[in-house]
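Hello,

Here is the structure for you to look through. My notes on its pockets follow.

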Amino acid sequence: MIKSNEFTTAYFEQNDFLDDRDREKLLEMAQLVTYPMNKIVLHKGEQISQVGIILKGLIRVYDKNNKTVWLAYENQPYGSMEILGLQRSSTVTYETLEETTMFLLNYIELENAIIEYPNIGKLLLMYWKSTAMSIYGHFHSFLTLTPEERYLQLLQQNSKLILRVKSKDLATYLGMHPVSLSRLKKRYFIQNK
């Protein structure tokens, strides 16, 4: 059980539909974990039963070709939809790019808690939807935007992420060559500092 702290206070205020009983149950089930930079927290081929929220830090998700398929950072969910939803091994690897602290819960315990704590079910559904919409948004950007437009979208939504991720990893995430990314950084990011 973790104690209420600055994050949990802000988190519960943000999700104000959770009552005191829900909060106590979540804190009872939660575990606060900190991983060092460059730590693989989930290998391709593994299964996990944990989900959580990243309090601070950054996780890169990449495929067997070392292509960045996802970046997860503060206040975003951690967990694998394919493992939890489809009950199969991970097809990607999760690695911390910075020291990363997470608020982790056992997914099976979380699902079991829904019976007695329906607001926890609402919270879980909210995160499933949020994760699915984020994944869809990234996928849709590859259908409708050019690599430069994807870069500009990221610059507008989370410009600091551009500084936090290695250029080669960011380039694969945006679907471009690292040289093209370097040019875009010079054109848009560096001049706007």
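Helices (H or I, at least four residues) and strands (E, at least two) are DSSP runs, numbered from the N terminus. This is a predicted model: local features need pLDDT of at least 70, side-chain atom pairs count only at pLDDT 80 or more, and totals for chains, interfaces and linings use all residues. Residues are numbered from 1 along each chain as its sequence is written, and side-chain values use heavy atoms, without hydrogens and water.

A pocket is an open set of points on a 1 Å grid over the protein atoms alone, where a 1.4 Å probe fits, with protein on both sides within 12 Å along at least five of seven lines; lining residues have an atom within 4 Å of a point.

H5 gives the largest share, twelve residues. By class, 26 lining residues are nonpolar, twelve polar and two charged. Here Ala, Val, Leu, Ile, Met, Phe, Trp, Tyr, Cys and Pro count as nonpolar, Asp, Glu, Lys and Arg as charged, and the others, Gly among them, as polar.

The second largest pocket holds about 360 Å³. It has 17 lining residues; Tyr73, His138, Leu154, Gln157 and Tyr173 lie nearest its centre. S5, H5, helix H6 (147-164) and helix H7 (167-174) each give two or more residues. The largest share, six residues, comes from H6.

Best wishes

Methods
Points joined across faces, edges and corners; volume = space filled by probe spheres on them.
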